[in-house]
Amino acid sequence: MYSTWLWLLAAASIIVLLFRTISTRYRHDRRKIPGPFLASFTNLDRIWSCALGKQMDYHLSLHAKYGRLVRVGPNHVSVSDGQSIQQLYNISTKF
């Protein structure tokens, strides 16, 4: 009896995790921002580059490949355009 409940709990957890991963990847306000596939649903590549001490070089290579805006994590965007800072960090903006 306990094993049935454990299987149901495990299955429900996996379904919730998959749903959350997919919804994070395809969130409407960030899905159009280019970046590595892994970065669209996890921070593992950012954590890995930081652990190696190469995060700045990694971000520079991503900007060389993808452009001014790069999605570097599910909820993180890297901006390489200094002119955009005022627009992004203005009080009235939703960024």
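The buried residues of helix H2 pack against helix H3 (55-66), strand S1 (69-73) and strand S2 (76-79). Packing here rests on contact, taken as heavy atoms within 4.5 Å. Helices (H or I, at least four residues) and strands (E, at least two) are DSSP runs, numbered from the N terminus. This is a predicted model, in which local features need pLDDT of at least 70 and side-chain atom pairs count only at pLDDT 80 or more, while totals for chains, interfaces and linings use all residues. Residues are numbered from 1 along each chain as its sequence is written, and side-chain values use heavy atoms, with hydrogens and water left out.

Which residues of H2 are buried? In this helix, which covers residues 44-51, they are Asp45, Arg46 and Ser49. Buried means under 20% relative accessible area, exposed means over 50%, and partly exposed is in between (1.4 Å probe, protein chains only). Looking down the axis of H2, you will find the buried residues within an arc of 100 degrees, so they line one face of the helix. That arc is taken over the directions from the helix axis to the C-beta atoms. On the face turned away from the buried side sit the exposed residues Leu44, Ile47, Trp48 and Ala51. After H2 comes glycine 53, with a positive phi near 80 degrees. Lysine 54 is in the loop between H2 and H3, and its relative accessibility of 48% makes it partly exposed.

**Histidine 76**

Strand S2 contains histidine 76, which is partly exposed at a relative accessible area of 33%. Neighbours within four places in sequence aside, histidine 76 is in contact with Asn43, Arg46, Val70 and Arg71. Of these, Arg46 is also one of the buried residues of H2.

Side chains of opposite charge can pair when their charged atoms come close. The rule used here asks for a side-chain nitrogen of Lys or Arg within 4 Å of a carboxyl oxygen of Asp or Glu, and the count comes to one salt bridge. It joins the side chains of arginine 68 and aspartate 81, at 3.1 Å from N to O. Arginine 68 is in the loop between H3 and S1 and aspartate 81 in the loop between S2 and helix H4 (85-88), so the pair ties together parts that are 13 residues apart in sequence. Beyond its neighbours within four places in sequence, arginine 68 is in contact with His63, Ser78, Val79, Ser80 and Asp81.

**Separations in sequence and space**

| Pair | Apart in sequence | Apart in space |
|---|---|---|
| Histidine 76 and arginine 30 | 46 residues | 9.2 Å |
| Lysine 54 and serine 23 | 31 residues | 29 Å |
| Arginine 68 and isoleucine 15 | 53 residues | 35 Å |

**Aromatic and nonpolar side chains**

Rings of Phe, Tyr and Trp (its six-membered ring) pair if their centres lie within 6.5 Å; planes under 30 degrees apart count as stacked, over 60 as edge-to-face and the rest as tilted. The count by this rule is one aromatic pair. The ring centres of phenylalanine 37 and phenylalanine 41 are 5.2 Å apart and the planes are at 75 degrees, so the pair is edge-to-face. Phenylalanine 37 is exposed at 54% relative accessibility, while phenylalanine 41 is partly exposed at 28%.

Finally, Ile14, Leu18, Ile22 and Tyr26 make a nonpolar surface patch of about 430 Å². Patches are made of residues with over 30% relative accessible area and no salt bridge, with like charges joined within 9 Å and nonpolar side chains (Val, Leu, Ile, Met, Phe, Trp, Tyr) within 5 Å. Accessible areas come from the Shrake-Rupley method with a 1.4 Å probe, and for residues only the protein chains shown count as cover.
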